[in-house]
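Subject: A structure for you to look through

Dear colleague,

I am handing over the structure shown below, and I would be glad if you kept it open while you read the notes that follow it.

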Protein chains: 4
Amino acid sequence: MTIKTGIVGAAGFAGIELVRLLGEHPSFEVGVVTSDSLAGTPVSDLYPALDGHTDLVFEKHGVDALEGCDAVFLAVPHTAAMSQVPALLEAGISVFDLSADYRLKDAAVYKRWYATEHTSPELLEKAAFGLPELFASELARAAAEREAGAAALVACAGCYPTATSLAAYPAIHAGLVDGTVIVDAVSGVTGAGKKATERTHFCFANESIEAYGVGTHRHTPEIEQILGLEGKVVFTPHLAPLNRGILSTVYLPLSAEHAGETSLEAIRDLYTEFYAEDAFVRVLPLGTMPKTGSVAGSNACHIGLALSAAGDMLIAVGAIDNLCKGAAGQAVQCANIVFGLPETTGLTAPALPV
Amino acid sequence: MTIKTGIVGAAGFAGIELVRLLGEHPSFEVGVVTSDSLAGTPVSDLYPALDGHTDLVFEKHGVDALEGCDAVFLAVPHTAAMSQVPALLEAGISVFDLSADYRLKDAAVYKRWYATEHTSPELLEKAAFGLPELFASELARAAAEREAGAAALVACAGCYPTATSLAAYPAIHAGLVDGTVIVDAVSGVTGAGKKATERTHFCFANESIEAYGVGTHRHTPEIEQILGLEGKVVFTPHLAPLNRGILSTVYLPLSAEHAGETSLEAIRDLYTEFYAEDAFVRVLPLGTMPKTGSVAGSNACHIGLALSAAGDMLIAVGAIDNLCKGAAGQAVQCANIVFGLPETTGLTAPALPV
Amino acid sequence: MTIKTGIVGAAGFAGIELVRLLGEHPSFEVGVVTSDSLAGTPVSDLYPALDGHTDLVFEKHGVDALEGCDAVFLAVPHTAAMSQVPALLEAGISVFDLSADYRLKDAAVYKRWYATEHTSPELLEKAAFGLPELFASELARAAAEREAGAAALVACAGCYPTATSLAAYPAIHAGLVDGTVIVDAVSGVTGAGKKATERTHFCFANESIEAYGVGTHRHTPEIEQILGLEGKVVFTPHLAPLNRGILSTVYLPLSAEHAGETSLEAIRDLYTEFYAEDAFVRVLPLGTMPKTGSVAGSNACHIGLALSAAGDMLIAVGAIDNLCKGAAGQAVQCANIVFGLPETTGLTAPALPV
Amino acid sequence: MTIKTGIVGAAGFAGIELVRLLGEHPSFEVGVVTSDSLAGTPVSDLYPALDGHTDLVFEKHGVDALEGCDAVFLAVPHTAAMSQVPALLEAGISVFDLSADYRLKDAAVYKRWYATEHTSPELLEKAAFGLPELFASELARAAAEREAGAAALVACAGCYPTATSLAAYPAIHAGLVDGTVIVDAVSGVTGAGKKATERTHFCFANESIEAYGVGTHRHTPEIEQILGLEGKVVFTPHLAPLNRGILSTVYLPLSAEHAGETSLEAIRDLYTEFYAEDAFVRVLPLGTMPKTGSVAGSNACHIGLALSAAGDMLIAVGAIDNLCKGAAGQAVQCANIVFGLPETTGLTAPALPV
């Protein structure tokens with residue numbers, strides 16, 4: 001099977017990661033990559049790593065350019081995505097949206113956090129939430145829709161929500177948790193995007209750690225929605241001097257019933273069982289904590305577990321590559337599912353060991 | 001005034017930072033630097049940055065070597081410190097201990113966390129806690145003792161406890177906080193010490209973030225003691241790829257009375273007032289968060305404040321240089337106080353702006 | 001075809017890169033990985049990036065462990081290799097040696113630079129030099145030997161010699177160069193090996209550049225041999241704060257006939273033609289210079305060309321990943337050739353674009 | 001003595017380093033800092049490291065703003081400097097120009113390399129070359145001019161020329177060298193300036209080394225002028241992932257008379273003697289090579305020396321902080337001399353040892 005594929009916003013960091021991953025994929029064949037500001041530039045001029053691996057040239061955005069595609073990946077900012085999705089679906093093209101536009105199921109919550117009226121709220125229900133390990137049934141539904149001849153829409157999960165939710169969900173799902181959940185996460189600088197700013201300047205980002213968006217980051221309601229914890233998540237992102245990687249340390253207060261009662265071994269067993277069928281998630285041995293360096297460039301998620309000294313709080317730490325499992329890799333994983341391929345197709349390469 | 005000074009464990013990272021700082025200090029004159037493993041090596045052979053700044057040569061440890069000193073700084077591991085302190089005090093030498101040995105006031109707590117019987121518990125009460133912004137009176141007492149002819153003992157606060165407590169204390173002291181306090185902190189690799197290990201290998205530490213000591217880090221009881229929150233602190237340290245710096249993000253649940261009632265402006269005013277006389281602490285404008293890069297190499301602590309979206313949790317972020325305000329700089333600040341000098345003497349240089 | 005494969009010294013940086021690459025290879029099947037100091041440890045415990053990708057456990061070194069192998073890769077220090085090679089060959093196992101032991105054709109030169117008597121000089125002639133783009137016929141001979149039932153021996157080129165020679169060879173081969181050739185190269189810290197030392201300590205390597213082995217580095221005679229410039233190469237390696245990558249800047253004085261006469265365009269054409277059939281080498285457009293980041297994790301070599309202002313010196317810059325094209329990748333490339341596979345098998349993944 | 005001082009272009013990296021250094025200086029008192037694009041912004045808002053160290057606010061450029069100054073430091077791009085210098089001198093203000101505008105003594109050479117007609121060539125002779133260790137007499141003349149009531153003009157040496165020339169000059173001056181001199185240098189990213197560009201983006205600069213400006217860099221004629229080697233210098237700069245530091249590796253072919261005849265010990269003695277009176281230059285012991293990390297943040301220059309294996313080439317390696325000894329520190333050193341202060345005033349702090 002050859003799936004004709006377009007990537008919109010391909011010059012950005014998530015976009016070019018899609019180009020990389022799909023360039024190695026046996027079924028998706030990328031024929032169109034768009035970038036308004038770089039139209040006419042060969043991809044490999046901008047990203048010499050791909051020299052010899054692609055002859056694609058960036059084209060202008062536009063639905064016309066994508067005609068004939070079976071699948072389109074949108075790696076554009078929020079609002080830019082929802083301005084294109086309805087037309088793409090109407091043209092029968094399945095859409096894998098890496099933006100936030102179709103993630104929040106409630107248009108009012110979207111409006112509150114993104115300060116914009118949603119322009120196609122009728123599609124929010126249709127959109128499958130793109131985090132396969134936790135929302136398999138939504139993706140199965142999307143796959144069935146596509147199989148039946150309709151275009152699918154997948155709202156791929158954000159980077160912080162992915163790392164956080166994979167670390168936190170099994171405990172919450174098992175009813176172990178009660179109370180406010182604190183999410184303290186650190187991202188590499190690719191998370192700040194390709195735009196050259198003072199914040200992404202080497203000399204300001206290097207040799208420094210900082211918190212940002214404290215109390216206001218837009219991934220907060222997404223995490224709350226995934227975990228079913230509306231209004232109960234406090235999320236603080238940080239920036240650290242590395243390219244790729246998110247480490248999310250999640251503080252999960254155990255309910256009275258479990259605090260001091262449920263052992264860490266039991267909790268780890270629960271996690272291991274929960275993810276038994278999930279090729280990309282590794283629950284580490286007790287006593288081991290994940291390192292983002294061990295997942296960089298791969299679609300893996302490593303999870304480490306510990307209890308607080310008092311035994312009343314579970315500390316679950318998740319590590320992913322924000323551009324891969326946190327963006328492009330996850331989108332490909334979703335697309336594999338929607339197109340009836342094994343979920344791991346094209347995503348099996350490990351991180352560099354060092 | 002010339003204060004004859006020795007540094008024990010001077011070859012380690014905190015030790016050499018003491019050499020650097022005291023080398024620029026107008027009153028402390030370092031005559032002895034010890035290192036068992038490097039005895040005979042000129043300091044500037046090991047640390048070429050000090051070439052031309054010091055002619056000191058590392059000597060073997062031993063109280064004899066320190067005879068004639070007025071002040072000794074101990075930059076040795078825990079237990080190694082308490083094996084030397086009583087003899088030094090007896091010799092009339094004031095001691096500034098950078099280890100953990102005299103920080104915890106309760107020898108039983110020490111034993112529980114350090115798995116060692118304390119060998120001079122009778123000195124725990126004498127030891128002034130070396131965190132001047134929060135324990136001024138203890139240092140004033142030590143200064144008075146020294147003035148009266150006795151040797152003083154200062155147990156300088158640890159790096160994580162310093163960043164954390166400076167960020168958290170004013171809110172707790174004002175009675176705003178109720179509940180478990182979560183401390184999520186990130187350190188540069190100097191915090192892992194000078195010993196070459198797999199953990200400090202460039203290729204393993206670079207391009208990665210990791211959590212460590214989750215639920216078990218020995219700075220937990222120290223933070224609890226400082227904040228008066230026995231058993232109520234959950235502390236998770238992380239390692240990030242930079243040399244110097246600690247960023248501590250502290251989650252302080254507001255008491256029912258204050259949650260949603262006390263404004264962030266009011267809390268910032270409280271912090272500003274609390275630190276009004278403290279030259280090294282800067283409470284940043286609202287909307288601004290500290291960066292460790294802005295304090296590296298200096299004795300400054302920058303504090304940023306925010307509220308959670310729900311308004312019921314204060315997020316206080318503190319940034320320090322772990323080797324300076326978190327170790328050597330703080331020890332010098334304490335020594336200034338004990339020897340009756342202005343607290344900022346020799347500590348006024350700012351961080352590199354970039 | 002399944003080629004039974006062993007990796008000796010698999011716990012080191014080149015060794016584990018072999019594990020990574022061969023783990024994705026369709027024909028080589030790694031059954032044995034050895035490491036004396038880590039025997040009994042699962043590979044993925046030491047390198048969590050490979051968790052879920054390999055179940056191999058490090059075993060003790062020894063020819064016995066390798067019985068039944070068709071191919072063995074030696075990723076051990078010099079002298080350790082030559083102590084094992086004769087027995088392996090005798091056992092009918094083809095050997096891909098990543099050490100320096102069989103690179104220098106003259107045992108006297110080996111002795112001079114490695115301060116050791118060569119213990120199997122009779123094999124020096126047999127050894128094919130493992131730099132396929134420049135020594136295709138030697139590798140063809142080794143392939144023919146293996147095809148005929150004998151064990152092949154390939155002495156894979158060193159990291160600096162590979163980057164340097166690929167950049168310099170076409171100009172020298174075309175007779176453009178006359179005079180002393182200066183090679184100024186910079187390596188990432190993986191080049192210093194896995195051993196934790198003061199030199200590889202994050203805090204000493206980070207935020208610093210240094211030269212080392214000036215005038216004495218053992219890759220000098222290897223470069224001279226490849227380029228046919230005995231006694232005419234001055235080579236200075238440097239260490240820079242990154243994990244992977246070598247950038248070699250080579251200064252090639254043009255002969256009187258060519259200085260100011262032969263255009264850069266003509267020289268670039270010559271390079272392009274020289275490497276026309278070589279999938280891994282890219283000669284960049286004029287005005288562009290290679291970045292090591294564009295080849296990290298891949299087997300690519302990027303080459304940039306410029307002339308000095310006076311027009312009498314060619315400056316050829318080569319970039320490779322020292323662990324991949326400079327070690328493990330190149331060894332796999334050689335093994336592909338020797339076992340009759342397409343040279344690029346298992347080596348086609350590009351570098352991360354960012 | 002209080003010297004009223006202005007800094008033009010103070011928001012850039014060299015400018016803010018001047019603010020840092022002069023903020024600690026006992027005699028220069030900075031009253032004006034200018035930045036067209038940031039006028040109205042407090043210095044410490046842009047550079048939080050200086051929070052608590054300066055209350056200065058950036059002002060618009062303009063000679064008016066500088067009225068009443070005794071000294072002005074120009075940290076602006078070339079051509080922007082020469083547009084202001086004549087008026088400043090006329091106003092009796094001594095000028096320390098960090099740009100290239102008055103470095104080249106020959107306006108024709110300036111025009112060739114900078115593609116601009118020099119607008120005040122009559123001042124080129126007046127301008128003292130600001131590299132005190134090599135041009136003491138020019139600075140003495142400038143000091144005498146100022147002492148006599150005239151305004152002095154100092155054209156501070158560039159960063160690469162400083163590191164390179166300090167490493168190369170003594171050998172050339174002693175007549176040891178004959179032939180083309182190759183300069184291969186690596187800079188940290190502060191050398192690329194404060195402007196946020198793709199080149200200075202963390203994710204593109206990090207984990208990579210690259211050459212740039214090969215054969216065309218404008219520091220080439222400056223190095224040639226300093227060393228008296230017109231047309232005989234080949235200079236290649238590189239960019240490496242660190243903030244501060246230049247390492248320049250200089251290849252100096254020994255003349256027939258000296259090649260193989262003059263020992264490295266003798267050459268080192270010559271260097272040591274040459275720099276005997278220079279507080280900032282350290283000639284390292286043989287066998288030791290400089291690291292940029294050992295000079296970062298300081299005004300020091302470390303020099304290492306080695307011979308090629310063949311003994312016919314001296315390899316001299318110089319390390320400086322490009323922003324300090326390579327820019328702001330050197331300007332302050334020159335200003336100290338011109339204003340009759342000890343040359344080291346305000347410049348004695350060592351680099352951080354780690």
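Before anything else, one term has to be settled: a residue counts as buried when its relative accessible area is under 20%, as exposed when that area is over 50%, and as partly exposed in between. Please also keep in mind that this is a predicted model.

With that cut-off in hand, we can start with chain A, where buried residues make up 65% of the 354 residues. Chain A contains 10 helices and 13 strands. Its radius of gyration is 20 Å, close to the 20 Å that the globule rule gives for 354 residues, so chain A is as compact as a globular protein of that length. If you follow the C-alpha trace of chain A along its principal axes, you will find that it spans about 60 × 50 × 40 Å. Of the contacts in chain A between residues at least 6 apart in sequence, 71% join residues at least 24 apart.

Next, please look at chain B, and at helix H8 (residues 219-227) in particular. Why can helix H8 of chain B be called largely enclosed by the rest of the structure? The reason lies in the count, because 8 of its 9 residues are buried. Among the buried residues of H8(B) are His219(B), Pro221(B), Glu222(B), Glu224(B) and Leu227(B). What covers the buried residues of H8(B) includes helix H4 (107-114), strand S6 (128-130), helix H6 (159-173) and strand S10 (233-239) of chain B. After H8(B) comes Gly228(B), which has a positive phi near 65°.

Also in chain B, Lys195(B) sits in the loop between strand S8 (181-187) and helix H7 (202-205). Is Lys195(B) buried or exposed? Its relative accessibility is 65%, and therefore Lys195(B) counts as exposed. Although Thr180(B) is 15 residues away along the chain, the C-alpha atoms of Lys195(B) and Thr180(B) are separated by 35 Å. When residues up to four places away in sequence are not counted, Lys195(B) touches Thr200(B) and His201(C).

Most residues other than glycine have a negative phi. Ala115(C), however, has a positive phi near 55°, and Glu207(C), which is not a glycine either, has a positive phi of about 55°. Ala115(C) lies in the loop between helix H4 (107-114) and strand S5 (128-130) of chain C, and at 68% relative accessibility it counts as exposed. Glu207(C) lies in the loop between helix H7 (202-205) and strand S8 (210-211) of chain C, and at 13% relative accessibility it counts as buried.

- His25(D) is in the loop between helix H1 (13-23) and strand S2 (28-34), and it is buried, with a relative accessible area of 6%. Its side chain forms a polar contact of 2.8 Å with the side chain of Asn336(D). Beyond its neighbours within four places in sequence, His25(D) is in contact with Val332(D), Asn336(D), Leu341(D), Thr345(D) and Gly346(D).
- Asp178(D) is in the loop between helix H6 (159-173) and strand S7 (181-187), and at 49% relative accessibility it counts as partly exposed. Its C-alpha atom is separated by 7.9 Å from that of Ala256(D), which is 78 residues apart from it along the chain. With neighbours within four places left aside, Asp178(D) is in contact with Pro253(D), Leu254(D) and Ser255(D).
- Ser298(D) is in the loop between strand S11 (281-283) and strand S12 (301-307), and it is buried, with a relative accessible area of 4%. The side chain of Ser298(D) reaches the backbone oxygen of Val295(D) at 2.9 Å. Apart from neighbours within four places in sequence, its contacts include Asp321(D), Cys324(D) and Pro350(D).

With best wishes

Methods. Residues are numbered from 1 along each chain as its sequence is written. Chains are lettered from A and ligands numbered from 1 in the order in which they are written. This is a predicted model: local features need pLDDT of at least 70, side-chain atom pairs count only at pLDDT 80 or more; totals for chains, interfaces and linings use all residues. Side-chain values use heavy atoms; hydrogens and water are left out. Helices (H or I, at least four residues) and strands (E, at least two) are DSSP runs, numbered from the N terminus. Buried means under 20% relative accessible area, exposed over 50%, partly exposed in between (1.4 Å probe, protein chains only). A polar contact is a pair of N or O atoms within 3.5 Å; within protein, one must be able to donate a hydrogen and the other to accept it, and residues adjacent in sequence count only if both atoms are side-chain atoms. Contact means heavy atoms within 4.5 Å. The radius of gyration is taken over C-alpha atoms; the globule rule is 2.2 Å times the number of residues to the power 0.38.
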